[in-house]
Amino acid sequence: MITRQETLVLPQPIFQLLHRHLFPGDGLEAAALLLCTRATGRRRKLLACDLVAVPYQACAQRTESLLSWPGSYVEMAIERANSAGLSIVAVHSHPGGLFAFSDLDDASDRLLLPALFHGTGEVAGSAIMLPDGAMLGRLCGPDEFAKPVDLVSVFGDDLRFWWHHDTHFGMSPKRPAAFTSGMTEWLGRLSACIIGVSGTGSVVAEQLARLGFGEIIVVDFDKVELRNLNRILNATIDDARIGRLKVEMFASAVRYYREGCDVRCVPSSIATRDAALEASEADILFSCVDTAEGRHIADRLAAYFAMPLFDLGVSIPTRRSWGDEHEIAEVCGRIDYVFPGGSTLLDRSVYDAGVLEAEYLARTAPEALRQKLNDGYLRGIEEQAPAVITLNMRAASDAVMEFIARAFPFRHAPNGSCARTLFMLADGDADVFAERDFPASGAYPIAAGPQEPLLGLPALGKQRRAA
């Protein structure tokens with residue numbers, strides 16, 4: 001069960017700019033103002049989308065433990081925030097390593113935070129950063145009483161989290177080691193969304209539930225069928241006979257082995273507004289779909305709501321033998337990790353406009369699709385094979401292991417060197433690609449939040465829904 005209310009999220013590019021500015025090497029405090037969109041559902045997220053760096057010389061006073069905020073830059077940030085409806089979080093460094101707000105910080109914030117709130121009309125905040133990047137924050141709203149930010153998270157090559165609850169005696173908290181009971185306890189405060197709980201998705205969801213996630217959001221409109229039983233975990237003959245929703249089947253199964261795990265069922269396509277908004281409330285996103293449309297929505301969710309995304313897929317390409325019979329050419333699995341501000345699934349050609357168009361035609365104009373096939377425009381359709389539970393489990397395990405490696409680092413290579421993993425079972429081989437192998441196009445805005453139309457797609461906009 002997730003009790004947290006306030007989260008501050010920084011995409012890696014913003015975090016790196018902020019860290020470089022706050023620690024110029026002179027050992028003195030420095031300041032910057034984060035501009036943030038807001039995602040408000042059951043919990044509030046502030047998503048850092050821009051940064052106003054305060055020049056060092058603009059501060060009338062800068063010492064090892066004190067900093068004065070220049071009014072001109074505060075006013076500049078308020079003006080920029082007002083024009084876009086953003087919130088402001090004022091951040092300064094603690095080069096000495098104190099992981100707490102000092103008495104001097106309290107005195108400064110009593111003046112600064114009400115000014116930011118009244119200047120923008122939106123919730124405002126302040127935060128501190130330590131040399132190792134650890135951050136602690138608090139917010140000020142209409143009542144002008146500061147309350148803590150429960151979680152500050154940074155999503156990039158590594159997944160970094162700092163919980164207000166874990167601060168003790170001014171020391172920054174240490175995350176537990178991977179594969180320990182401490183990791184299980186720690187995961188109980190996180191939420192994950194799994195889009196698609198069928199072949200690979202049911203295995204991912206099962207692992208996350210047993211690893212200890214406090215909340216699991218499952219999105220799938222489909223029902224259990226007899227032909228699914230050979231590859232969907234926990235699915236039963238009775239489920240297939242009554243046509244039970246896959247999300248309800250999973251939620252029911254979790255109750256037999258987990259307490260304190262809130263499973264939220266979303267029996268809809270991820271290509272609907274309500275499902276996309278529900279998914280956006282999670283901390284971590286797993287895409288386990290077999291359509292380009294599903295991956296397209298997941299890709300946009302990761303960018304707009306600054307979420308780390310793990311996307312996986314399997315395929316078994318075939319070829320014609322000399323006897324004109326089908327034979328297995330390869331048995332493949334793919335795991336892509338995408339972070340906000342890095343390369344997208346679109347940049348990596350996991351899907352493209354041609355495949356999206358083909359899927360659209362398949363739903364709305366089958367005759368046009370057949371013509372497309374005749375014209376040779378349809379590309380990259382994965383072949384589905386029913387008896388693939390072993391392949392699904394391999395890919396799902398690799399995807400969850402990829403999450404653990406980034407949240408609780410244990411492997412020797414830097415996480416940035418493992419943006420994509422391809423395994424080929426026929427050849428007994430695996431290829432690993434680094435983030436630098438995929439240039440980021442910036443196709444989708446980062447941390448834009450729930451602006452209309454949602455995810456930049458008119459089909460998900462409010463006006464479309466009302467019509």
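User: What should I know about the source and the numbering?

Analyst: This is a predicted model, in which local features need pLDDT of at least 70 and side-chain atom pairs count only at pLDDT 80 or more, while totals for chains, interfaces and linings use all residues. Residues are numbered from 1 along each chain as its sequence is written, and side-chain values use heavy atoms, with hydrogens and water left out.

User: In what order do the nine strands run in their open sheet?

Analyst: The order is β7-β6-β5-β4-β2-β3-β1-β8-β9, with mixed pairing. Strands (E, at least two residues) and helices (H or I, at least four residues) are DSSP runs numbered from the N terminus, and two strands pair if DSSP finds at least two bridges between them.

User: Which strands stand at the edges of that one?

Analyst: β7 (146–148) and β9 (159–163) do; each has a single partner strand, so one side of each is left without a neighbour in the sheet. Neighbouring strands of this sheet are turned by 25° against each other on average, direction ignored.

User: How many bridges join β2 to β4?

Analyst: Six bridges join β2 (residues 31–40) to β4 (residues 87–93), and the two strands run antiparallel. The bridge partner of A32 in β4 is V91.

User: And what is the order in the sheet of eight strands?

Analyst: That open sheet runs β12-β11-β10-β13-β14-β17-β18-β19, again with mixed pairing. Its edges are β12 (262–266) and β19 (429–433), each with a single partner strand, so one side of each has no neighbour in the sheet. The twist averages 15° from one strand to the next.

User: How do β18 and β19 pair?

Analyst: Strand β18 (residues 420–424) pairs with β19 in the antiparallel sense over five bridges. R420 has F433 as its bridge partner in β19.

User: Which strands does α12 touch?

Analyst: Helix α12 (residues 389–407) packs on the sheet and touches β13, β14, β17 (332–338) and β18, where contact means heavy atoms within 4.5 Å. The direction of α12 makes about 160° with that of β14. Axes are lines fitted to C-alpha atoms, for helices over the stretch in contact, and angles run from 0 to 180 degrees between N-to-C directions.

User: Switching to helix pairs, at what angle do α2 and α3 pack?

Analyst: Helix α2 (residues 71–84) and helix α3 (residues 103–120) pack at about 35°, with their axes 9 Å apart. V74, I78, A81 and N82 in α2 meet L112, A115, L116, G119 and T120 in α3. These contact residues divide into six nonpolar, three polar and no charged; Ala, Val, Leu, Ile, Met, Phe, Trp, Tyr, Cys and Pro count as nonpolar, Asp, Glu, Lys and Arg as charged, and the others, Gly among them, as polar.

User: Where does D166 lie, and which residues does D166 touch?

Analyst: D166 lies in the loop between β9 and α4 (181–187). Not counting residues up to four places away in sequence, D166 touches P173, W186 and R189.

User: Now the backbone. Which residues does the cis peptide bond join?

Analyst: The cis bond joins E452 and P453, with omega about -10°. P453 lies in the loop between β19 and α13 (462–466).

User: What is phi at L455, and is L455 buried or exposed?

Analyst: Phi of L455 is near 60°, a positive value in a residue other than glycine. L455 counts as buried, at 0% relative accessibility; buried means under 20% relative accessible area, exposed over 50% and partly exposed in between, with a 1.4 Å probe and protein chains only.

User: What about S349: buried or exposed?

Analyst: S349 is exposed, with a relative accessible area of 60%. S349 also has a positive phi of about 60° although it is not a glycine.
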